[in-house]
Amino acid sequence: MPGCGNKQQEPKEALQGAASKMATMTSYEMKSKVVINNLTIDAPTAQSDAMTTQVLSMLKNAEITVDGVYQADPMQTELTLVLNLKGDMAMSFTVPMVMTAEKLYVKIPSIPFLPIPENIVGKFVMLDLKKLAEQEGAEFNPGMLDTQKTQKLTNEILSALMAEYDESKYFKDIDAKDANLPEGVDAKQVIQFQITNDNVKEATTIFVNNALPKILDILSKEEYKNALQIDQKQLDEAKATLQNSEKKAEFDKELAKLDQYLTINQFHFNTAINKDEFPVYQDLTVDVNVNNPDDGTKVGLSLTGSTQYSKINEKPAFKIGIPQGGDVITEEELQKQFSTLGSN
């Protein structure tokens, strides 16, 4: 029939397909951003000290951005992290990073109020990941840096999570023109996962009783357990706790009082999927209030976050490259510079 090739999938099916496609991404460019729109702490039982007030002022409207380029083979990732703090103590600094299979290079930024020797600002400190593991008495595990394995794990966890939640209650399609997509994002379908005050108790119960045991089983697989260096004993203990009838009764008792502690003004996660089924844009909106009725403390948090992927499986264009020669100092040289500063 005409047009049936363009028919949208059901939301959960489309998300599961996008998660699977994500595991096939061998290179991409990405842009991520988190903005703390509001952060308040009202503690009537204790006066907030000047430092707490100052920190809250800095974090309100704070922005963290990460721009990056990734390729799987040979493994190379570069990220540029920018932190913008606002308020009376406003400051901004940028930290470029480059990672290969065995090395991590971090560019030393100039940070106000931190006594970093001028002659090393702008240089990359090289961390030998294999050597660091040996110094800690551990065996170097390249699997910890295997982004494709991480994507595969994320895919399995998301699939396990989504399988437990009712499509009609938690998922819905939204029109691309209503999704505030950035310029350049061409979405075939946009799906929203939403939690509200009406379903938060049920959503929490589903996560703890149904999804979490399955996630622990996924983490118990040898490939993930070894990559993340997780002890099977810890996983077994966590699962036993979830299955303990007394713990379950205690959890149910606390959950029944959840509305005394938590108010969800807004919580949703959108995923935009392109014509090739890749999740090319995701954004998160959180606006919650947490109340402790015992001491009257109230916390308000509002934040937004987003990640955009582009140039998927194209030849990557690295902007920084792998640092060389005089641009690089070793960890030992860095420590020597700081010890010299301290002696002065």
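Predicted model: local features only at pLDDT ≥ 70, side-chain atom pairs only at ≥ 80, totals over all residues.
**The chain as a whole**

The protein chain contains 11 helices and 12 strands. Of its 344 residues, 37% are buried. Where contacts link residues at least 6 apart in sequence, 67% of them join residues at least 24 apart. The charged side chains number 34 positive and 50 negative, and the centres of these two sets are 2 Å apart. Further values for the chain are tabulated below.

| Property of the protein chain | Value |
|---|---|
| Box filled by the C-alpha atoms, along the principal axes | roughly 65 × 65 × 45 Å |
| Accessible surface | about 19,900 Å² |
| Part of that surface belonging to carbon and sulfur atoms | 53% |

**Residue T77 in strand β3**

Strand β3 spans residues 76–85 and includes T77. The relative accessibility of T77 is 14%, so this residue counts as buried, the cut-off being under 20%. Apart from neighbours within four places in sequence, T77 contacts V69 and Y70, together with M97, V98 and M99.

**Helix α6**

Helix α6 runs over residues 200–219 and bends by about 45° at A211.

Conventions: Residues numbered from 1 in each chain as written. Heavy atoms only, no water. Helix = DSSP H or I, 4+ residues; strand = E, 2+ residues; numbered from the N terminus. Buried < 20%, exposed > 50% of the residue type's maximum accessible area, 1.4 Å probe, protein only. Contact = heavy atoms within 4.5 Å. Bend = angle between axes of the 7 residues up to and from the residue. Areas by Shrake-Rupley, 256 points an atom, 1.4 Å probe, with all protein chains shown as cover. Lys, Arg positive; Asp, Glu negative; His and termini not counted. Charge placed at Lys NZ, Arg CZ, Asp CG, Glu CD.
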